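Try each task before you read its solution.

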Amino acid sequence: MRAGVAVLALLLCAAAPPPPGASSCSGCHGGVAPVPVLAGRNAEEVAAALDAFRAGTKQATVMNRIAKGFSHDESVAIAAWWSEQAK
């Protein structure tokens with residue numbers, strides 16, 4: 001019985017919904033387009049890239065505009081969620 005409860009708890013945690021904004025990334029970063037796949041990437045690197053895009057210190061075609069729509073905390077949450085997704 002305890003093992004079943006533990007498995008259920010793990011499944012519920014693993015099925016956490018994405019934070020606001022994270023699902024919109026999959027259109028380009030989901031593995032189909034020729035851009036980096038976000039699933040499984042290091043969260044700190046992704047959050048730092050979003051900060052750099054937002055600050056304009058990392059060149060981009062559209063990410064500099066998209067990143068401005070997220071605060072640093074939102075970027076960290078999005079990056080953390082993507083890092084936990086299977087490749």
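**Exercise 1. A loop residue**

Where is Arg41 found?

Solution. Arg41 sits in the loop between H2 and H3; helices here are DSSP runs of H or I with at least four residues, strands are runs of E with at least two, and both are numbered from the N terminus. Before going on, note that this is a predicted model, in which local features need pLDDT of at least 70 and side-chain atom pairs count only at pLDDT 80 or more, while totals for chains, interfaces and linings use all residues. Residues are numbered from 1 along each chain as its sequence is written, and side-chain values use heavy atoms, with hydrogens and water left out.

Next, take the surroundings of Arg41. Its relative accessibility is 31%, so Arg41 counts as partly exposed (buried means under 20% relative accessible area, exposed over 50%, partly exposed in between, with a 1.4 Å probe and protein chains only). Not counting residues up to four places away in sequence, Arg41 touches Pro36, Val46 and Ser83, where contact means heavy atoms within 4.5 Å. Finally, Arg41 and Ala80 are 39 residues apart along the chain, and their C-alpha atoms are separated by 9.0 Å.

**Exercise 2. The whole chain**

Describe the secondary structure and the burial of the protein chain.

Solution. Start with the elements: the protein chain has five helices and zero strands, in the order α-α-α-α-α from the N terminus on. Then turn to burial: of the 87 residues in the protein chain, 24% are buried. The protein chain exposes about 6000 Å², and carbon and sulfur atoms supply 64% of that area (Shrake-Rupley method with a 1.4 Å probe; for residues, only the protein chains shown count as cover). Last, look at the contacts between residues at least 6 apart in sequence: 58% of them join residues at least 24 apart.

**Exercise 3. The face of a helix**

Which residues of H5 are buried, and what do they pack against?

Solution. First, place the helix: H5 covers residues 72–83, has twelve residues and reaches 16 Å from its first C-alpha to its last, close to the 16 Å expected (1.5 Å times one less than the number of residues). Its buried residues are Ser75, Ile78, Ala79, Trp81 and Trp82. Seen down the axis of H5, these residues fall within an arc of 160°, so they line one face of the helix; the arc is that of the directions from the helix axis to the C-beta atoms. The buried residues of H5 pack against helix H2 (26–29) and helix H3 (43–55).

Now zoom in on Ala79, which lies in helix H5. Ala79 is buried, with a relative accessible area of 0%. Leaving out residues up to four places away in sequence, Ala79 touches Ala43, Val46 and Ala47. The C-alpha atoms of Ala79 and Ala47 are separated by 5.5 Å, although the two are 32 residues apart along the chain.

**Exercise 4. The partner helix**

Which residues of H3 are buried?

Solution. They are Ala43, Val46, Ala47, Leu50, Ala52, Phe53 and Arg54. These buried residues pack against H4 and H5. H3 has 13 residues and spans 18 Å from its first C-alpha to its last, close to the 18 Å expected. Take Leu50 as an example: at 10% relative accessibility, Leu50 counts as buried. Beyond residues up to four places away in sequence, Leu50 touches Met63, Ala67 and Ser75.

**Exercise 5. The core and a ring pair**

Which residues have the most contacts inside the largest nonpolar core?

Solution. They are Ile78 and Trp82, in a core of 16 residues (buried Ala, Val, Leu, Ile, Met, Phe, Trp, Tyr and Cys residues joined through side-chain atoms within 4.5 Å). H3, helix H4 (63–67) and H5 each give two or more residues to this core, and H3 gives the most, with five residues.

Stay with Trp82, which at 8% relative accessibility counts as buried. Leaving aside neighbours within four places in sequence, Trp82 is in contact with Ala22, Cys25, Ser26, Leu38, Ala39 and Gly40.

To finish, find the rings: the structure holds one aromatic pair. The ring centres of Trp81 and Trp82 are 5.1 Å apart and the planes are at 80°, so the pair is edge-to-face (rings of Phe, Tyr and Trp, its six-membered ring, pair if their centres lie within 6.5 Å; planes under 30 degrees apart count as stacked, over 60 as edge-to-face and the rest as tilted).
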